[in-house]
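Please read the following note with the sequence and the three-dimensional structure at hand. It is arranged as numbered points for a reader who is new to structural description.

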Amino acid sequence: MAELVAVIASTHHPFYYRASTATGDDRPPFADTWVAKIEKFRETLTRARPDVLVMVGSDHFHQLWLDNMPQFLVGKAPFYDANFYNEEREFGLPRMVLRGHEELSAHVLREGLDAGFDLAFSNELRIDHSITCPIITLRPQADLPIVPVYTNIFAPPLPRPTRFVQLGRALREIIESWPADQRVAVIGTGHLSLELGGPRQFGEHGPDPEFDRRAVEWIASGDIEGCLSEVTLDSLHRPGNATHGFMDFMLMMGVAGEGVRADHVDTLDLFHTMEAYFTWYPKGVPA
Amino acid sequence: MSKYLVNKFLFTVDRDPELVERYRDDPRATVTWWEATQANTLLNCVGAEASTWLRFEDAEREALATHDHPALFALGAHPFLTLTLFIALFERDHEGLEYQKWYGERLSHFSLPYPDIAT
């Protein structure tokens, strides 16, 4: 059977690529600290020696649109082109091509459907920065095949937070039941408090540092029950109008398991939003 | 209300570099042209399968034609779409994050709950 060797949850800050590669006067003062934290975070994935990456993210109105909007979608393709013109324009993100893993995609789709998740699928998916940011931060050589899993955190009506947790739990069971001698890491990205296109955007910190503090504690301690008792579709409007992206963190808490403390926890308070990085090792910390 | 159509305008302009420039330079003419020739395009179908019923409300057309992002916010346009496109239109005229901050300040009269963005 496949082994789930690492579970990783991260924010996906599209400015990291530009900040980390900038030099001279263009290099922001926080870039070196940020890079150091990312390199430590990257090491947590490298140590797990994965063969394949299941990547949980959310399309930001790039390929998926309101005329046909899936709630949860699994990519099943041999390749995924990545990043879009407007991400190149705004964030300087490079165009990329990632290999897919169709066998694991097919397994996730079959088992997910049988477990009661009516997953949409795509045989030609161009992925965006919700998946390429963690490739850039965690596996910049981009040499491993991926299975993209997209969630709708963006275009209401959205699934409720419980559904994200349930899908995370199911994903773990599905991966662990895959009859293949493969080491699998699941990497999911979302947001803590975040405001985009509203009055609280681009402040000195994220729009709601208190929410961020509590969110980091929920995730780090695996407190799914505590998190679910306070977080609803309505409550997520309060910390910032794009905070529904936190539900992808909740999905990853579902993958990691109730009450399971993260083995690596790090944060970075930046303008506009707080960065947060978590790694769990379901099979124990690798030597 | 045709929030969906406002979002469709923002979405289809934002993804096309030529349209971004055209909308920056002549917003009213671009909106007029777009509504007349593009609004009913079904994005994943051939041209002959166009829709027949989509049109802007007057307030929506005017908000788009005047680059009025607070009005778009009030009308429930998706804030991510508006922000992304408006950064493409106007960030170049400002230093650093000046434009993004100004954009937020111009929305400071809004408090929770924000206008509903469900389509």
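1. Basis of the note. This is a predicted model, in which local features need pLDDT of at least 70 and side-chain atom pairs count only at pLDDT 80 or more, while totals for chains, interfaces and linings use all residues. Residues are numbered from 1 along each chain as its sequence is written, and chains are lettered from A and ligands numbered from 1 in the order in which they are written.

2. Chain B as a helical chain. Chain B contains seven helices and zero strands; helices (H or I, at least four residues) and strands (E, at least two) are DSSP runs, numbered from the N terminus. The radius of gyration of chain B is 14 Å, close to the 14 Å that the globule rule gives for 119 residues, so chain B is as compact as a globular protein of that length. That radius is taken over C-alpha atoms, and the rule is 2.2 Å times the number of residues to the power 0.38. Along the principal axes, the C-alpha atoms of chain B fill a box of roughly 45 × 30 × 25 Å.

3. Burial and contacts in chain B. Of the 119 residues of chain B, 30% count as buried (20 or more other C-beta atoms within 10 Å of the residue's own, with C-beta atoms placed from the backbone). Among contacts in chain B between residues at least 6 apart in sequence, 65% join residues at least 24 apart; a contact requires C-beta atoms, placed from the backbone, within 7 Å.

4. Where the chains meet. In chain B, 28 residues are in contact with 22 residues of chain A. Helix H1 (3–14), helix H6 (79–90) and helix H7 (98–105) of chain B each supply at least two residues of the side that touches chain A, and H6(B) gives the most, with eight residues. The residues of this side of chain B divide into 18 nonpolar, seven polar and three charged. Here Ala, Val, Leu, Ile, Met, Phe, Trp, Tyr, Cys and Pro count as nonpolar, Asp, Glu, Lys and Arg as charged, and the others, Gly among them, as polar.

5. The sheet of chain A. Eight strands of chain A form an open sheet with mixed pairing, in the order S6-S3-S7-S2-S8-S1-S10-S9; two strands pair if DSSP finds at least two bridges between them. Strand S6 (120–122) and strand S9 (264–269) of chain A stand at the edges, each with a single partner strand, so one side of each is left without a neighbour in the sheet. Within the sheet, strand S2 (residues 52–57) of chain A runs parallel to S8(A) and is joined to S8(A) by five bridges. A:Val52 stands opposite A:Val184 in S8(A).

6. Most residues other than glycine have a negative phi, and most peptide bonds are trans. A:Asn83 has a positive phi, near 75°, and lies in the loop between strand S4 (79–82) and helix H3 (85–91) of chain A. A:Asn83 is buried, with 23 other C-beta atoms within 10 Å. A cis peptide bond joins A:Pro156 and A:Pro157, with omega about 10°. Another cis peptide bond joins B:Leu112 and B:Pro113, with omega about -5°; B:Pro113 lies in the segment after H7 of chain B.

Conventions. Buried ≥ 20, exposed ≤ 12 C-beta atoms within 10 Å, placed from the backbone. Contact = placed C-beta atoms within 7 Å.
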